[in-house]
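Colleague: Before I rely on the labels in this description, I would like to hear how each one was reached. Could you take me through them one at a time?

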Amino acid sequence: MVDVLTLVEQARQGRPRAVARLISLVEGASPQLREVMAALAPLTGGAYVVGLTGSPGVGKSTSTSALVTAYRKAGKRVGVLAVDPSSPFSGGALLGDRVRMSEHASDPGVYIRSMATRGHLGGLAWAAPQAIRVLDAAGCDIVLVETVGVGQSEVEIAAQADTSVVLLAPGMGDGIQAAKAGILEIGDVYVVNKADRDGADATARELNHMLGLGEAREAGDWRPPIVKTVAARGEGIDEVVEALEKHRAWMEERGVLATRRRARAATEVEHIAVTALRSRIGDLRGDQRLDSLAERVTDGTLDPYAAADELIAGLTSNEPRGLS
């Protein structure tokens, strides 16, 4: 058994091995996961979580690395959660992001972790919310979450980040992608990377036009800015940081940040509860109650919705059990 309290204290001191061990406990759904989360709970809430998403090839990893450099110059401790595609052989992360961010590997003020999606859709790993909590509790001022890069379906980051950054690049059909459902709804800041290429201005104009066609905004509402960058040379990154800070200030002034974080916590609690209930229902396979309900549905004396209601009532009327 792991001494969780000692690990948490070591993580607070900035020891990368302790942070790595805690995230491994999260990813592995350790029996000590409850103890880990209980120990972390009072220590969270200080980190500003920024999500970066966009199609493959737009420069997410390069942009993330450039943001790390900018925040480190400002004296901030930075955590990076880079969600990579899963290996079809081992199920682990392919680690491409960590390779591209190797320049920060020796910096004690930066912690970079790759996580595999393990088949989870939406661009994030299933354990991402708890991993963010670990980095938050470990004293990171900024947590950058880079998603796997799967196109317009990759909108889950909006539910996990305080601020979502959508990256596009000229010459990749991103103008058309931007018009598709989802991508215009999740961005708080838009970045047109590789702005030294032909078509960057046209991409920015088209994006601005698409944003203008979006839902009407009232006075004082946040209008996502569009920032052009060349992340490989660090150009425009200070402007991205400035846009992020402006969005954070706007959210804090209007109570939006607190609302988003409550919604994030609600989603996390709901996911844990649903997973536990699904597990308990799975345990009923072969159970007489489930077989009896199935038989009544089959012979037409009970409809499946009523059967499900009866099953849920039976589960929730039992003695309270800890969610696993």
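This is a predicted model: local features need pLDDT of at least 70, side-chain atom pairs count only at pLDDT 80 or more; totals for chains, interfaces and linings use all residues.

Modeller: Residues are numbered from 1 along each chain as its sequence is written, and side-chain values use heavy atoms, with hydrogens and water left out.

Colleague: Which residues does Thr-203 touch, not counting those up to four places away in sequence?

Modeller: Thr-203, which lies in helix H9 (residues 200-212), touches Pro-170 and Val-192, where contact means heavy atoms within 4.5 Å. Helices here are DSSP runs of H or I with at least four residues, strands are runs of E with at least two, and both are numbered from the N terminus.

Colleague: Why is Arg-280 called buried?

Modeller: The relative accessible area of Arg-280 is 13%, so the residue falls on the buried side of the cut-off. Arg-280 is placed in helix H11 (residues 256-282), and its C-alpha atom is separated by 8.0 Å from that of Leu-315, 35 residues apart along the chain.

Colleague: How do you know that the buried residues of H3 line one face of the helix?

Modeller: The buried residues of helix H3 (residues 33-40) are Val-36, Met-37, Ala-39 and Leu-40. Seen down the axis of H3, they fall within an arc of 165°, and therefore they line one face; the arc is that of the directions from the helix axis to the C-beta atoms. These buried residues pack against helix H1 (4-12), helix H2 (16-27) and helix H6 (128-137).

Colleague: What makes the pair of Trp-222 and Trp-250 tilted?

Modeller: The count comes to 1 aromatic pair. The ring centres of Trp-222 and Trp-250 are 6.0 Å apart and the planes stand at 45°, so the pair is tilted: rings of Phe, Tyr and Trp (its six-membered ring) pair if their centres lie within 6.5 Å, and planes under 30 degrees apart count as stacked, over 60 as edge-to-face and the rest as tilted. Because Trp-222 lies in the loop between H9 and strand E7 (226-228) and Trp-250 in helix H10, the pair ties together parts that are 28 residues apart in sequence. Both Trp-222 and Trp-250 are buried.

Note on methods. Buried means under 20% relative accessible area, exposed over 50%, partly exposed in between (1.4 Å probe, protein chains only).
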